[in-house]
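Hi everyone, thanks for making time.

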There are 2 protein chains.
Amino acid sequence: MNSRVMTTPTSLTYEIAAVLRTEILRGQYRPGERLPSERDLAVRFHSSRGVVREALTNLAQLGIIDIQPGGVRIVPRERAHLSILGHLMKLDNPPDPQLVDQFLQIFGALSVLTTRSAIQKASPDQLTQARELVAELDRQANSFDGMHRAWRELLEFFKSIDKNLVLQLIGNDLKAQFVDQILTLGIKPDLDETVHNMLVKDLDEALRLGDAQQAADAIQDYSDHMRVFVVSAVTARQQRKVDS
Amino acid sequence: MNSRVMTTPTSLTYEIAAVLRTEILRGQYRPGERLPSERDLAVRFHSSRGVVREALTNLAQLGIIDIQPGGVRIVPRERAHLSILGHLMKLDNPPDPQLVDQFLQIFGALSVLTTRSAIQKASPDQLTQARELVAELDRQANSFDGMHRAWRELLEFFKSIDKNLVLQLIGNDLKAQFVDQILTLGIKPDLDETVHNMLVKDLDEALRLGDAQQAADAIQDYSDHMRVFVVSAVTARQQRKVDS
DNA sequence: TGACTATATTGGTCTGACCAAATTGGTCCT
DNA sequence: AGGACCAATTTGGTCAGACCAATATAGTCA
């Protein structure tokens, strides 16, 4: 029951932060430029300084503004934190295909990393377990949702073997920022059957032999296919929107 | 003049956030447990509710607490955001060697990614520029600081060619959280001369041929050497501390 | 014992005030 | 005119006390 909650997304603070965030990310202020004072912002939003301050603290933690006695200033985007990614993506609907592409590239690369590292560390028993999951992945080949779940389980399993906290945290952020959002777009990559079979075969063989490199390669291939598919789907949507 | 500033690290809000963050990361509260109320915290810190609220908003954005009407609750660490990494590392001095190792592993992997991608996209002219930077890297071989600077410049250059915003943002976070901190520890990896020469030679050759894979491999080797060195240095410090 | 309800508690927001630091604009000297 | 200096204003940082709505809790009743 309490799975999706976060700092109530329905508070004034949250809304003000969202408005300002959007304005800043859209580039309505130049880097180094000063934001209106807290008092002025409070007036603008028919709110109070306290709430505005909380909103500003939010943005400061995203690394897009710099609060200092004397004034709040815009920070150049290159110095922002990872957490702006999701917001950057939500700026447009559908999101910028290039951004999606970059995102999936990194996501894939990290998956590859996890896989390789996990298999190097895995016990024979764990390798067997992993092969189970691959078999399950194969069985779910006909439904996207089932496959997506199986896929996630496999990667989660690798992650749990790898036990790299850094990787896990980056994964959290990226997933929170992106994966769920792409899913709500309703893009359901329907993988080519031959590609799918190849992936499963390679992966199973790699796990049987404990060949980390081969497994990593398989994951890389799979990620690339997925990426190309998703990006072209997003691009198509953008086209459709431009046409209408 | 304005390079290292961030939300004034010398404010009450900041201090309170730091204290609570440390307590939470040290595990003094169980996941799901309730934090004292804002009013109680204000009393405890001889402060006001407003300030406490700002501090709490901070922690909520790190993903370590969940603020809800009715009470503030602790979130399990697995669901936290990347931004806690730095704080996790500052928890102990010297930091946990295993964490450092994991960190450098990811950092290296991302550097490799950037390098490969950059060289694939690079124009002949850019490749030449990169070779300049490698030459500079070679010239600085005797001083750590100079070499570190040259090294950074080279990677920055690759990053600017790659133009992958996602990668850049992750890099920002990781650097902010870690690299600078490791530097303040005063650990100055003194690379073996043969390793250094090998790196420079391979890298230069790769750039001359535009061989992305070879360049990536060289970076990987270099990262691995650095990592092993730093981790063992950190471990040594920990030992020394245990002994005393 | 379990479902329900009233009360106390908690976060969300507002107001208005004071302080210290930074900005700004004017002044004075060169 | 140009630059250094200084005072007034603006800005963020903090505090106190108040009200509301949602939640949690304890007490009550079936």
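Let me start with a definition: two strands pair if DSSP finds at least two bridges between them. Helices (H or I, at least four residues) and strands (E, at least two) are DSSP runs, numbered from the N terminus. With that in hand, in chain B β1 and strand β2 (residues 71-74) pair in the antiparallel sense over 4 bridges. B:I65, for example, has B:I74 in β2(B) as its bridge partner. The two strands make a hairpin with 2 residues between them, and B:G70 in the turn has a positive phi of about 110 degrees.

Some housekeeping before I go on. This is a predicted model, where local features need pLDDT of at least 70, side-chain atom pairs count only at pLDDT 80 or more, and totals for chains, interfaces and linings use all residues. Residues are numbered from 1 along each chain as its sequence is written, while chains are lettered from A and ligands numbered from 1 in the order in which they are written.

How confident is the predictor? Its per-residue confidence, pLDDT, runs from 0 to 100. Chain A has a mean pLDDT of 88, with 96% of its residues at 70 or more. Over residues 1-7 of chain A, though, the pLDDT is below 50, and beyond near neighbours in sequence this stretch has 6 contacts in the model. A contact here is a pair of residues whose C-beta atoms, placed from the backbone, lie within 7 Å.

Now chain A as a whole. There are 10 helices and 2 strands in this chain, and along the sequence they follow the pattern α-α-α-β-β-α-α-α-α-α-α-α. The C-alpha trace of chain A spans about 65 × 45 × 35 Å along its principal axes. Take the contacts in chain A between residues at least 6 apart in sequence: 67% of them join residues at least 24 apart.

On burial, I call a residue buried if 20 or more other C-beta atoms lie within 10 Å of its own, exposed if 12 or fewer, and partly exposed in between, with C-beta atoms placed from the backbone. Chain A has 244 residues, and 36% count as buried. So where does A:K188 fall? It counts as partly exposed, because it has 14 C-beta neighbours inside 10 Å. You will find A:K188 in the loop between α8 (165-184) and α9 (193-209) of chain A.

The hairpin in chain A comes next. β1(A) and β2(A) pair in the antiparallel sense over 4 bridges, and A:D66 has A:R73 in β2(A) as its bridge partner. There are 2 residues between the strands, and A:G70 takes a positive phi near 110 degrees.

How do the two chains sit together? A rotation of 180 degrees with 0.2 Å of shift along its axis superposes chain B on chain A, with an RMSD of 0.3 Å. The two copies are thus related as by a two-fold rotation axis. That superposition is by least squares on the C-alpha atoms of residues with pLDDT of at least 70 in both copies. Which residue of chain B comes closest to the rotation axis? That is B:E54, with its C-alpha at 2.9 Å.

The contact between the chains takes 37 residues from chain B and 37 residues from chain A. On the chain B side, α3 (49-62), β1 (65-68), α5 (97-121) and α8 (165-184) each supply at least two residues. The largest share, 8 residues, comes from α8(B). By class, this side of chain B has 17 nonpolar, 14 polar and 6 charged residues. For the classes, Ala, Val, Leu, Ile, Met, Phe, Trp, Tyr, Cys and Pro count as nonpolar, Asp, Glu, Lys and Arg as charged, and the others, Gly among them, as polar. Also, 100% of the interface residues of chain B are interface residues in chain A, so the copies meet through the same surface.

Finally, the DNA. A residue is near a strand if its C-beta atom, placed from the backbone, lies within 6 Å of it. Around DNA strand D there are 22 residues, and the closest are A:S37, A:E38, B:L12, B:S47 and B:G70. The largest share of that surface, 3 residues, comes from α3(B). Around DNA strand C there are 23 residues, of which A:L12, A:S47, A:S48, A:G70 and B:S37 come nearest. There the largest share, 3 residues, comes from α3(A).

Methods:
pLDDT is the predictor's confidence in each residue, from 0 to 100. Two residues are in contact if their C-beta atoms, placed from the backbone, lie within 7 Å.
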